[in-house]
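This briefing walks through one protein model and the two ligands written with it. Please keep the sequence and the structure open while reading, and look up each residue as it comes up.

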Amino acid sequence: MFMTLPSWLIHGALLCGVLTTTAVLAEPELDRQQAAQLLQAQQARAVQPWRVPNAVDIERQPNAVLIRQGMALLQNTTRLAGPLVADPGKRFSRNNLNCINCHEAGPSGLPGSKPYGLALVNAIHDYPRLDIKSMRVITLEQRVAGMFGKGEASMGADTPEMKAILAYLSWLGSEAQPGMSMQGTGLARITLPERAADPGRGQALFGQYCVQCHGAQGLGLKAPDFATGGGYVFPPIAGDDTYDDGGHMYMVPLLTQFIHANMPLGSTADTPLLSVEQAYDIAAYVNSELPRRHAPQRGDAYPDPAWRPAGFAVPEHFPDDPTGYQRVRFGPFPTPSE
Ligand code: HEC
Ligand code: HEC
């Protein structure tokens with residue numbers, strides 16, 4: 001399939017003189033120097049202000065039907081592509097979460113349109129990009145497929161579902177300038193406390209601020225038609241049906257960023273309901289004391305130890321250093337870079 005590479009990536013690749021545009025795609029694992037140069041090119045992009053198109057604009061697009069299908073897949077992932085849908089060929093997703101449960105909707109209701117709620121407004125312009133988890137350059141299709149996890153059916157680049165999601169993400173980024181990053185996407189930078197996170201304090205705060213919706217065990221609230229693919233009214237943050245122990249959300253710094261700007265429901269980055277300290281301790285509790293699916297391959301992620309993000313805690317990486325493991329798990333952490 002033909003793909004266009006963003007100019008910042010091509011520039012970065014040519015700058016380091018080791019890759020051609022075609023080699024970028026074929027290149028298996030990059031070494032540290034190659035990766036550093038790509039990352040530098042990625043981070044050197046100018047930042048543009050937050051901009052989301054108006055939902056009514058979808059109807060004016062020649063591919064409006066496809067865009068709406070993509071939007072529906074992000075909103076009702078479980079119902080359309082979850083592990084319990086009737087057609088086994090459509091069971092793309094590994095769990096019963098909807099993409100919009102994490103890539104939250106702003107006031108317009110568009111999935112991925114809430115500032116600092118893991119917004120996807122610029123995703124179409126952010127790829128292909130270096131994925132430090134695999135040390136490879138990946139496409140947006142590969143990123144989306146990775147987000148579905150390994151469901152019963154595989155989400156190939158040529159499936160109608162992938163085309164619909166890409167159509168939605170292209171439209172969502174239609175007000176953005178290519179070649180730039182965007183304010184408000186991803187998660188807000190915060191300064192973490194200069195101490196280890198405290199799961200014990202987190203437990204008490206969890207009871208106060210989270211249990212009413214996510215439940216005492218964090219297992220969420222199932223919809224009445226859950227067994228036939230209806231999903232959850234309140235999504236689980238623990239158990240088999242949510243992010244596993246190899247995912248981004250499993251890292252305490254990232255989960256702290258997410259909670260601080262988005263939870264309890266109604267929080268925003270500008271008007272958070274919890275302090276960073278509270279979000280930090282809750283994140284430690286959620287990710288260490290509640291049950292969760294194990295990702296057996298997680299030890300293979302971030303092959304270069306120098307590139308492991310703060311909070312990516314895998315015991316096998318610390319065979320003789322339990323203190324080092326605890327520190328990577330609970331901090332104190334350097335300030336998150338994204
Ligand atoms: C449990 C929470 C969660 C769910 C559910 C989820 N994501 Fe994500 N997603 C994340 C996190 C965390 C990141 C990484 C953010 C980072 O790299 O800092 C991410 C990153 C992405 C990106 C890359 C964004 C960028 O600009 O680099 C895309 C695209 C994406 N997700 C699409 C999806 C789709 C499609 C679904 C539904 C199938 C989905 N996600 C479900 C948490 C989630
Ligand atoms: C008033 C109900 C409510 C409260 C209270 C609440 N949440 Fe949520 N939470 C939600 C809903 C609803 C979503 C999905 C958002 C969406 O789909 O727009 C969500 C999503 C999430 C997610 C991402 C999706 C997933 O299932 O992994 C996490 C993590 C999370 N909440 C953690 C927390 C934590 C921690 C607290 C306590 C500080 C909390 N929430 C308090 C309703 C709530």
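The expected span of a helix is 1.5 Å times one less than its number of residues. With that rule in hand, helix α4 can be checked in this predicted model: α4 runs over residues 64–75, has 12 residues, and reaches 16 Å from its first C-alpha to its last, close to the 16 Å expected.

- The protein chain is divided into domain 1, which covers 47–182, and domain 2, which covers 199–330.
- The centres of domain 1 and domain 2, taken over C-alpha atoms, are separated by 22 Å, and the contact takes 17 residues from domain 1 and 17 residues from domain 2.
- On the side of domain 1 that touches domain 2, there are seven nonpolar, seven polar and three charged residues.

**Around ligand 1**

- Ligand 1 is surrounded by 24 residues, of which Cys-99, Cys-102, Ala-123, Met-147 and His-248 are the closest.
- Helices α6, α7 (123–126) and α8 (140–148) each supply at least two residues of this shell, and the largest share, four residues, comes from α8.
- Sorted by class, the shell around ligand 1 holds 14 nonpolar, seven polar and three charged residues.
- Because domain 1 and domain 2 both give residues to the shell, ligand 1 lies between them.

**Around ligand 2**

- Ligand 2 has 24 residues around it, and those that come nearest are Cys-210, Cys-213, Pro-235, Met-263 and Pro-264.
- Two or more residues of this shell are given by each of α6, α11 (211–214), α12 (252–262) and α13 (276–289).
- The residues of the shell around ligand 2 divide into 19 nonpolar, four polar and one charged.
- Domain 1 and domain 2 both give residues to the shell around ligand 2 as well, so ligand 2 lies between them.

**Helix α4 and its buried face**

- The buried residues of α4 are Ile-67, Gly-70, Met-71, Leu-73 and Leu-74, and, seen down the axis of α4, they fall within an arc of 155°, so they line one face of the helix.

**Helix α10 and its two sides**

- Within helix α10, which spans residues 199–209, the residues Pro-199, Gly-202 and Phe-206 are buried, and they cover an arc of only 45° around the axis, which puts them on the same side of α10.
- Gly-200 and Gly-207, on the other side of α10, are exposed.
- What covers the buried residues of α10 includes α11 and α13.

**Val-47 in strand β1**

- Val-47 lies in strand β1, which consists of residues 47–48.
- Is Val-47 buried or exposed? A residue counts as exposed if 12 or fewer other C-beta atoms lie within 10 Å of its own, and Val-47, with 12 C-beta neighbours inside 10 Å, therefore counts as exposed.
- Although Val-47 and Met-182 are 135 residues apart along the chain, their C-alpha atoms are separated by 5.2 Å.
- Leaving aside residues up to four places away in sequence, Val-47 touches Met-180, Ser-181, Met-182 and Gln-183.

Key. Residues are numbered from 1 along each chain as its sequence is written. Chains are lettered from A and ligands numbered from 1 in the order in which they are written. This is a predicted model: local features need pLDDT of at least 70, side-chain atom pairs count only at pLDDT 80 or more; totals for chains, interfaces and linings use all residues. A residue is buried if 20 or more other C-beta atoms lie within 10 Å of its own, exposed if 12 or fewer, and partly exposed in between; C-beta atoms are placed from the backbone. The arc is that of the directions from the helix axis to the C-beta atoms. A residue is near a molecule or strand if its C-beta atom, placed from the backbone, lies within 6 Å of it. Ala, Val, Leu, Ile, Met, Phe, Trp, Tyr, Cys and Pro count as nonpolar, Asp, Glu, Lys and Arg as charged, and the others, Gly among them, as polar. Domain bounds come from an automatic or database domain assignment. Two residues are in contact if their C-beta atoms, placed from the backbone, lie within 7 Å.
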